[in-house]
Amino acid sequence: MDPKGRIAIVTGASSGIGASTAVALARAGSRVVVAARRADKLEATVAMCRAEGAEAVAIRTDVRIREDCVALVRQTNDRFGPPEILVNNAGFAIFDTIADARPDDIRSMMDTNYLGAVNCTQAALPGMIARGCGAIVNVASIVGIMGFAGMGAYCATKFALVGFSEALRSEVIARGIRVSLVCPGTTDTEFFDTAMREKSPAAERLILAVPPERVARAVMRAVRGGKARIIVPWPAGLYMRFKELAPGTAHFLMRKVSEMIERRGR
Ligand SMILES: NC(=O)c1ccc[n+]([C@@H]2O[C@H](COP(=O)([O-])OP(=O)(O)OC[C@H]3O[C@@H](n4cnc5c(N)ncnc54)[C@H](OP(=O)(O)O)[C@@H]3O)[C@@H](O)[C@H]2O)c1
């Protein structure tokens, strides 16, 4: 889909990958609706989008709340028209081992990262189906393809999102709607302020961090080309392919490298 002139919603657009994606869509000529909880940060994203010459508006949304997501689509419709592009990006992590993870954290991550995307998708999908066109991009993670030690509960939310996206893609592709996954590796955003606390799992340091703008470019490629899955950066993509071919060996090697990094860090 050519994003020029299209109406786009980006969730989690108050910082990081979502803010960069909103700006990229604005630059490409979309009318952009940015959604998240922090109003001041959303307004900063709106200002960046307008600086690109685009129409943009902020709608405060908590994606965990279904009614918020319904209102997001309704208000988008009232302001610009029916959304044609939906980027489900809102998400967060709290890294813990399974033994230590708190039930509230596990539930909250699932509510946001998985059910938040379900809520927004179900709110926007009927309109897309009725018009026979749409692009949905779900920002998952490489940890939605391969489970990493020390972040199991977060991995599970992204595995759920990957399964949801693949199934939805098959359900709606013949109706003119493309559903894509963008799976980033470590990306340099505020994400780690929450995720790490005082912890430092070795696996997440294995792949060099990329800037959020690079992930935003992958989202734009997904919107334009409708590809099923894009992994960034490409070395992570190669490793994920290897993992799918030889999961036992890939996990074994990752454990060895993690142990080596842990030893050096001590
Ligand atoms: N950074 C990485 O290494 C990395 C790697 C792979 C995948 N990802 C994924 O990429 C996505 C974006 O993360 P990021 O790295 O850009 O981190 P970030 O800068 O912390 O951005 C996360 C965004 O999600 C929003 N959000 C969180 N909870 C929300 C809720 N309940 N309702 C609405 N919005 C909510 C936040 O906004 P408010 O707090 O204002 O609501 C913020 O805009 C996430 O899904 C993350 O899992 C990140």
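Predicted model: local features only at pLDDT ≥ 70, side-chain atom pairs only at ≥ 80, totals over all residues.

I started with Ala8 and looked for its bridge partner in strand 2, which turned out to be Val32.

Next I checked the whole pairing. Strand 1 and strand 2 (residues 31-36) run parallel, and I get five bridges between them. How does the chain get from strand 1 to strand 2? It passes through helix 1, and this β-α-β crossover is right-handed.

Then I looked for another neighbor. Strand 1 also pairs with strand 4 (residues 85-88), again in the parallel sense, over three bridges. Here I looked up Ile9, and its bridge partner in strand 4 is Leu86.

Is strand 1 buried or exposed? I went through residues 7-11 and found five of the five buried, so strand 1 is largely enclosed by the rest of the structure. I also sorted the residues by direction: Ile7, Ile9 and Thr11 point one way, Ala8 and Val10 the other, and all are buried.

Last, the ligand. I have 33 residues around it, and Gly12, Gly16, Arg37, Arg38 and Gly91 come nearest. Which elements give two or more residues to this shell? They are helix 1 (16-27) and helix 4 (103-131). By class, I list 16 polar, eleven nonpolar and six charged residues in the shell.

Note on methods: Residues numbered from 1 in each chain as written. Near = placed C-beta within 6 Å. Helix = DSSP H or I, 4+ residues; strand = E, 2+ residues; numbered from the N terminus. Nonpolar A, V, L, I, M, F, W, Y, C, P; charged D, E, K, R; others polar. Buried ≥ 20, exposed ≤ 12 C-beta atoms within 10 Å, placed from the backbone. Pairing = 2+ DSSP bridges. Right-handed = clockwise from strand over helix to strand, strands pointing away.
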